[in-house]
Amino acid sequence: GVHWVAGGFGLVRLATSDASPVTVMVDGKPATLNGELWERSVETSAEPVAVAIGVVDAAGNEGATTVALARDDQPPTCTLIGLPDGGYTNATVVTIGGEAVDSGVGGVTVTLSGLAVSQAAAVSGAGFGATVAVPAGEAAVFATCEDALGNRADSASIALRPDTQGPTVTVWPPTGTAFAGAWLDVTVTAEDGAGVASVTVRADGVELPVTQDDAGWHAAVVPAGDGPVVLDFAVADGAGNVSLGSASYVHDVEPAKITSFTALGGVDGPGGLYVPNAAPTFRAEATDNTGIAAAYIGEVFTTAKADGAYEVVVPVGDDWKDVGVMLLDWAGNMSADLRRVRMDAEPPACSVAALPNDGFAPGGSVVIVGHGVDAGVGGVHVSVAADGATLDTLGVDAGGDFAAPVVLPAVDGARPFVIVCADALGNASPPSTVVVTRDGTAPVIGGVLPAAGAFVGPSGFGVSFDVSDVDPVIAAQVTALGAVAPATRE
């Protein structure tokens, strides 16, 4: 075989055995005896060269041989094969391999470095490999290939990246989203240093077809009907880690149900809704499967109050005005309502009829009658009060008439009653006062002339007398000798 040397000269050494002294020639030049060995330095080249060796003893006997000698000052080529998925792995050990090719002496050994502890690799032919423990952090692993002469070279490094975390996954639309369409496009985006190996999406347990573009992975969710849809996803990275998650959506084709829409303090009447002032607060209440996303009252955007209702002040006037509410739920369904509204700040016209006998009555009760009509909201009601307290509240009939019975006091005397007409909004007429006087005592007669026992002539006579009574209206008559004659006031 070839004898390899690392330098430009190779030292040829040999031993001889002969009964007489010998002369040794190496490459045509005398060799030197050094102890028991002959030696001579010979210049080498990269290609093997046959060096001639000749031996002559004192008797002239000759012996000859050759040795092939070559120079090897080049290291092996040393290459590490990169790990799959950029070196990301969730394993505890991995196998690292490569190639070491030496064109000279051979006898290559390989050491892997960059790990916590350097490790020898097993060499087989031109290949080498080793199973190594995955470090706690990222490592740049390289190989050192060395031939039998000590020529060595380092390979380029490869990355070894421990990765036990699954991809970071985002789903759009976010969980809880409601939709009204026949299908919902769900986009899954994932980030991972090891790259995304696969994305699986299931809706209510059924795997969906998935497509990929620059925006992410897409799946079309087609609901079976109204109600919740549960989306499950599994995203695997190149290291074998899997991120699992879910998102819930609601399919909703029903718009919000407006349960109430009115103006605070307003009253429904002929032709629409009546309000007592020019700046009423409109209030809407509604229910919806997925909640209200946007609300407008009178074209003004508003948000829900603490009780879930929506309120907006909308100006109105004496003429009719249409005020609407529009609600948009989170699924995109719209519902609306419209109210015809006007302001009514005018009280009813209210009149009270004169009482019989100018309000004098012997006792018990009397009936106060009157008339109340309203040109606006209507709903006229009449209140009767006395001594600062309301005694009765009553309505009017279809023609606007009312009749209010009132109880007279237990003792004789006058009692004022206050009558007020108000409409359904509370607009009240000016008060009307009616005085009723209880008169339960008979008139007192005195000063009768002629006096009792007087003599009168046959042609008749006149009678005069005084009457005292609380009631100024008095009817008097005189009965004498079986005849009745009315008396007149003087």
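Predicted model: local features only at pLDDT ≥ 70, side-chain atom pairs only at ≥ 80, totals over all residues.
**View 1. The disulfides of the protein chain.** The chain holds 2 disulfides. With bonded cysteines counted along the chain, the disulfides follow the pattern 1-2, 3-4. One of them joins Cys78 to Cys145, and another joins Cys350 to Cys421.

**View 2. The disulfide of Cys78 and Cys145.** The S to S distance between Cys78 and Cys145 is 2.0 Å. Cys78 belongs to strand β9 (residues 77–80), while Cys145 belongs to strand β15 (residues 139–146). The two cysteines are 67 residues apart, and the pair links distant parts of the chain. This disulfide is right-handed because the torsion about the S-S bond of Cys78 and Cys145 is about 60 degrees.

View 3. Cys78 has a relative accessibility of 12%, so Cys78 counts as buried. Cys145 is also buried, with a relative accessible area of 0%.

**View 4. The disulfide of Cys350 and Cys421.** The sulfur atoms of Cys350 and Cys421 are joined at an S to S distance of 2.0 Å. The link is right-handed, with 45 degrees about the S-S bond. Cys350 lies in strand β36 (residues 349–352) and Cys421 in strand β42 (residues 413–422). The pair therefore ties together parts that are 71 residues apart in sequence.

**View 5. Cys421 in strand β42.** Strand β42 covers residues 413–422 and contains Cys421. Cys421 counts as buried because its relative accessibility is 0%. The disulfide partner of Cys421 is Cys350.

Key: Residues numbered from 1 in each chain as written. Heavy atoms only, no water. Disulfide = S-S within 2.5 Å. Helix = DSSP H or I, 4+ residues; strand = E, 2+ residues; numbered from the N terminus. Buried < 20%, exposed > 50% of the residue type's maximum accessible area, 1.4 Å probe, protein only.
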